[in-house]
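The sequence and structure come next.

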Amino acid sequence: MNDIEQNLHEIKTSIPEEVTLVAVSKTKPVSDLMNAYEAGQRIFGENKIQEMTEKWETMPKDISWHMIGHVQTNKVKYMAPFVDLIHAVDSYKLLKEIDKQAKKYNRTINCLLQIKIAEEESKFGLSEQDAITLLNTEEVKNLTNVNIQGLMGMATFTNNEQQIHNEFKKISSFFEELKPKHSQLEVLSIGMSGDYKIAINYGSTMVRIGSSIFGARNYG
Ligand SMILES: *Cc1c(COP(=O)(O)O)cnc(C)c1O
């Protein structure tokens, strides 16, 4: 087994079966992704549309591609033919564009609403109130080719575990509060290499893990 296969194996055995593993492969070469593919991994997460599109073009077609990064409206069209899940949706404008592009390909594109849970100023995302408003907006309900499948959050990058606990707890309670009113919500995407075990304790259904599988990144 090579390192990537070994890492993947270790992570898979440490997460419950019902938690979906997104292998975050941003900045990594196709050869590394193919190692993971050969070890059975079929879901990959990227944060740049152009890089994801290039990898989609060269790699096997049974891969599910997730866009985990911030999305610019004018670039949605490049991934609309193939993207399975867009994690970081944070505006009606973006949802409308995803819907419009998805229609061209006769597809439904799954989306998650990114909720701002970190204290850091730089993080993108909606407040809880804005997410509620979005979910209840008639225009959003009428979009036929997007499916808002759940929520996504990123905890503050910190060594303070208590803070990470608090942030995951907050999004998890919010998710539980919304679910009874919005039956399409089933995905809670929280947890990265450094905090996925905590995230799983707070009900994560999808973890996004990069460096613990593929090794440290030089950039990105
Ligand atoms: C890069 C990235 C990850 C993975 O980070 P690691 O610490 O390498 O596991 C997860 N989610 C998002 C949104 C990212 O940009």
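Which residue forms a salt bridge with Asp62, and how far apart are the closest N and O atoms? The partner is Arg42, at 3.1 Å. A salt bridge here is a side-chain nitrogen of Lys or Arg within 4 Å of a carboxyl oxygen of Asp or Glu. The model is predicted: local features need pLDDT of at least 70, side-chain atom pairs count only at pLDDT 80 or more, and totals for chains, interfaces and linings use all residues. Residues are numbered from 1 along each chain as its sequence is written, and side-chain values use heavy atoms, with hydrogens and water left out.

The structure holds eight salt bridges; the table gives some of them.

| Pair | Closest N to O distance |
|---|---|
| Arg42 and Asp62 | 3.1 Å |
| Lys170 and Glu128 | 3.4 Å |

Arg42 sits in the loop between α2 (30-38) and β2 (43-46), and Asp62 in the loop between α3 (49-58) and β3 (64-67), 20 residues apart. Helices (H or I, at least four residues) and strands (E, at least two) are DSSP runs, numbered from the N terminus. Arg42 is partly exposed at 29% relative accessible area, as is Asp62 at 46%. Buried means under 20% relative accessible area, exposed over 50%, and partly exposed in between (1.4 Å probe, protein chains only).

Asp84 is partly exposed at 28% relative accessibility, whereas Arg107 is buried at 17%.

Lys170 pairs with Glu128, linking helix α8 (residues 161-178) to helix α6 (residues 128-136) across 42 residues.
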